[in-house]
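Here's a quick briefing to read alongside the model. Take a look at the fold before going through the notes.

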Amino acid sequence: MKHLLPVSSPLPPGEVLLCCVNIPRRLPEELTTRLRRALPEEECARHARFGDEGAAGEFLCGRALLRAVLSTWTPVDRRAWRFALNPHGRPGIASPESRLHFNLSHTRGMVVLALGCD
């Protein structure tokens, strides 16, 4: 996955970056392999447990997109990001420490990522 925005351009506080990705019902095998390389082992294991191929692809694309965009704005390896659930059950950045915040949503055939700072 290519970097979407230059690392040298900080995301201004109060602005939101919105990324929308259309996803085919069945991902090509070579794309699945490439995207899995962007994920840590625990997320690959979670991806493997999906029973529905479409949902598995949405999860895989969503997590790969999230990691690529976060690493575009922060000089951190894509696989180094760790996430934890907040009290409302939504994932957030657990480490490394970051001023970035995100919301990731997916539905049949689409992933949407919103990214903000402070």
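Predicted model: local features only at pLDDT ≥ 70, side-chain atom pairs only at ≥ 80, totals over all residues.

**H1 against H3**

- Helix H1 covers residues 29-37, and it packs on H3 at an angle of about 45°, the two axes being 9 Å apart.
- H1 and H3 are therefore oblique to each other.
- As for handedness, H1 passes H3 in a left-handed crossing.
- On the H1 side, the residues in contact are Thr32, Leu35 and Arg36, and they meet Leu60, Cys61 and Ala64 in H3.
- Sorted by class, this contact of H1 with H3 has four nonpolar residues, one polar and one charged.

**H2 against H3**

- H2 and H3 have axes that come within 9 Å and cross at roughly 160°.
- That makes H2 roughly antiparallel to H3.
- The crossing of H2 and H3 is right-handed.
- From H2, it's Glu43, Arg46 and His47 that touch H3, where they meet Ala56, Phe59, Leu60, Arg63 and Arg67.
- The class breakdown for the contact of H2 with H3 is three nonpolar, one polar and four charged residues.
- Leu60 turns up on the H3 side here, and Leu60 is also among the H3 residues that meet H1.

**The largest pocket**

- The largest pocket holds about 350 Å³ of space.
- Its lining runs to 21 residues, and nearest the centre you'll find Arg46, Phe59, Arg63, Pro91 and Leu104.
- Four elements supply at least two lining residues each: helix H2 (41-48), helix H3 (53-73), strand E2 (82-85) and strand E4 (100-107).
- Which of them gives the most to the lining? That's H3, with six residues.
- By class, the lining of the largest pocket splits into 10 nonpolar, three polar and eight charged residues.

**A cis peptide bond**

- Serine 95 and proline 96 are joined by a cis peptide bond, with omega at about -5°.
- If you want to find proline 96 in the viewer, look in the loop between strand E3 (91-95) and E4.

Key:
Residues numbered from 1 in each chain as written. Heavy atoms only, no water. 1 Å grid on protein atoms, 1.4 Å probe; cavity = no way out; pocket = protein on both sides within 12 Å on 5 of 7 lines; lining within 4 Å. Points joined across faces, edges and corners; volume = space filled by probe spheres on them. Nonpolar A, V, L, I, M, F, W, Y, C, P; charged D, E, K, R; others polar. Axes fitted to C-alpha atoms, helices over the stretch in contact; angles between N-to-C directions. Parallel < 35°, antiparallel > 145°, perpendicular 65-115°, else oblique. Left-handed = near helix turned anticlockwise from the far one by under 90°. Contact = heavy atoms within 4.5 Å.
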